[in-house]
Amino acid sequence: MATVMKWLRDRLPTGGGLRDEDWASRHRLLTVLLAAVLVFLIMFGVLRGEGHTLTLLLTVVPVLPCLLAATRLRSRRLRSVCVAIGYTIACGGFVALCHGLTEAHFSFFIAVAALALYRDWAPFGAFLAATTLHHAVFGSLVSDHTYDHGSAVAHPLVWALLHGASVLLAAGFQIVSWRLTEVEEDRARENLDESQAQLSVAFDATPVPMAMFSPDGLALRTNAAYRGWLGLPEELPAGFGLKDIPLIPVDGDQASILTLFAESRESRTITRQYRRPDGSLIWVEVHGTGLYDRNDQLRLIYVHCFDVTATRDHEAELSYQVRHDTLTGLLSRTAFEHDLAALLSGSTEPVSVIYLDVDRFKVINDGAGHTTGDDVLRALATRLAAVVPAGAVLARLGGDEFVVALTGPAGTGLRVGNSILAAVHEPVAGVPVALSIGVTTAFGGAGVDEVVLAADTAMYAAKRAGGNRLQVFTDDLRVPVQERIAAEARLRRALAGDPRYTLPLWFQPVVSTATGQIIGAEALVRMRTEQGTVLAPGLFIGAAEETGLIVPLGDHVLRSAVEHLVHWSDRLGYVSVNVSPRQLAEPDFVPKVASLLAEYPYLDPSRLVLEVTETALISSTVDVSERLALLKQLGVRVALDDFGTGYSSLTWLKSLPADVVKLDRSFVAGLAEDARKSSIISAVLWLARSLGMSTIAEGVEEIADWDALRAAGCPAIQGYLISKPLPAPEFDTLLTTGSPFRGVHLDETTGRALAG
């Protein structure tokens, strides 16, 4: 028996499992329908006539208390039972009003289905019991009002049993449906519980701070990471909400963030800065999603938070690095160009741009060391920032170049530029510093590149004028700059082509004053343009020096000179090649010379003479004596060019390992008529001989100067008196004829030069 009961319990519905809100909605529906049925019965009874008054009263009067109890009682089970009894009385009354019409009994089947909505055994069982009792009692007492056929009147209990069985069968199918629904709900509940368990694990165990808030800002649920991040207790107090979170938005309020999430049906990401209770600032990235019910009403807002302070700080640092120079902290070139464009487009006043360059900074950087050079640049940046007016745009363009842009009336740039010059009268970081400054003034329609180029042009004009000065830009300054740019472009094209053709060497002979024969030649480079025009060095050497192209140009000249020297073999004693300070400062210059000589093992290295100028030696950033000594170890001879144009000629003559001294043309011109020059030259010749050096006088153009130099004992000369520089083929012819003098011959007895 117990097994059977257990089997039944396992297969019958449990009942009573509706949630309060679901039960209330169903009870309200069934109660309203019962009231509607009662109204229907009253109207139906009135239409049936006076003979049915008693039946109507016996129906209506019991149903009214059932309706009252269904709305007043506290227990939902008692209320549902009252509704079930009310339906039983209403169905019985309807059958009685219809004199037991069979079709009227269908109302009981309808009521069974309706009461199954409760999904509770109490009202369902009460209705079944009351229905069976109604058919048995009223079928026996008033059979003519319960059944409408003779068999049922004769045998009321049989027909009561039949009717009851039919209702039970109908109820049975409702029970089966009820049970199946419970099974499905149990399965759905299990799935929901599993999903909720998974959600709980994902929500509570994740290291990402997460929370759920109601639309009015109350905290519905938070995870451990969220509470730990904010320093909240494990159990939050009742009513805890956004207003209680220990973070204060720097911009806006706490509630506004929920409003932003609620306004969008899509997930949103909002990044805000907050202030902690200790005053520190943090950046928080909040991802929020609103959850809506079937009525499209916002139920809750799910958020998860990321502390992105480190990321924002890193982004800010990157942004700062993009806009600022890492060494000095000033604006970078890109940032300056951007800000200058804003000034030019947005200012109603003129915009002045001041371009600064440190004079001879390479000497500071290479001589005192890069650390000292960096210290100078940092200190100079600090001094500039203190001098320029507030609101000015100050930047380091790179290297030792700085630029300032500021608005103000005409003359503002000149005034600030002079203030900058005055500010560097005192040493910067312990190092004397001089500046070349260019100033230009522009208006709104000017372009950034145009304005900066104008200031740069003025700065270069100041530097070419000797430096340590300020130059205001004028249109006249554009011409040399444009020429320099054109010269650089031509030189680059020439180097990119075949240098033997585009950069040919010309040679000027050096002759002996004793024999009048050619003993050597100076190699001088020329440039052949695309149009075939040959340009003198003065049109491109300056650009080569400024751009650093002098290094590849010098390499070409040196190699080509050696190749010509090898070609002329014993017909020419030596070839001299000019070496720029930039070449001499290159670390691989000496190895290059050694490598070139190694290619011609039968060439006497002493036949190659490298000429360095006195002024170049003064400005060199390397140990000149050491570098020249290394060259002499290769067997190469060294000549001191343009002697007498510097500041300490005799000092250089004694300290440098030179083999040849070349007297500058300024000492030679007019020598025959100037006794003072003659005395100086005699002294230099004597000193050179005493130091074991040879001497060459440059720029000799007059016969009288030839005679004076010969009489003073100068061993060799070069100049237009003998020959201008010649292309290699013509110089080759000159070597063949052996007569370099143009319209001049030497007296065979005295050696004096004679015209015609």
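Predicted model: local features only at pLDDT ≥ 70, side-chain atom pairs only at ≥ 80, totals over all residues.
A crossing of two helices is left-handed if the near helix is turned anticlockwise from the far one by less than a right angle, and right-handed if clockwise. Residues are numbered from 1 along each chain as its sequence is written, and side-chain values use heavy atoms, without hydrogens or water.

The protein has 30 helices and 24 strands, taken as DSSP runs (H or I, at least four residues; E, at least two) and numbered from the N terminus. Of its 756 residues, 44% are buried, meaning under 20% relative accessible area with a 1.4 Å probe, protein chains only.

Helix 2 (residues 20–48) packs against helix 3 (residues 53–72) at about 160 degrees, with axes 10 Å apart. Axes here are lines fitted to C-alpha atoms over the stretch in contact, and angles run from 0 to 180 degrees between N-to-C directions. The two helices are therefore roughly antiparallel (over 145 degrees), and their crossing is left-handed. Contact (heavy atoms within 4.5 Å) involves, among others, T31, L34, L38 and L41 of helix 2 and V60, V63, L64 and L67 of helix 3. An α-helix has 3.6 residues a turn, so residues three or four places apart point the same way.

Further along, helix 29 (residues 703–712) has D705, W706, D707 and L709 as its buried residues. Just after helix 29, G713 adopts a positive phi of about 95 degrees.

Definitions and conventions
Buried < 20%, exposed > 50% of the residue type's maximum accessible area, 1.4 Å probe, protein only. Parallel < 35°, antiparallel > 145°, perpendicular 65-115°, else oblique.
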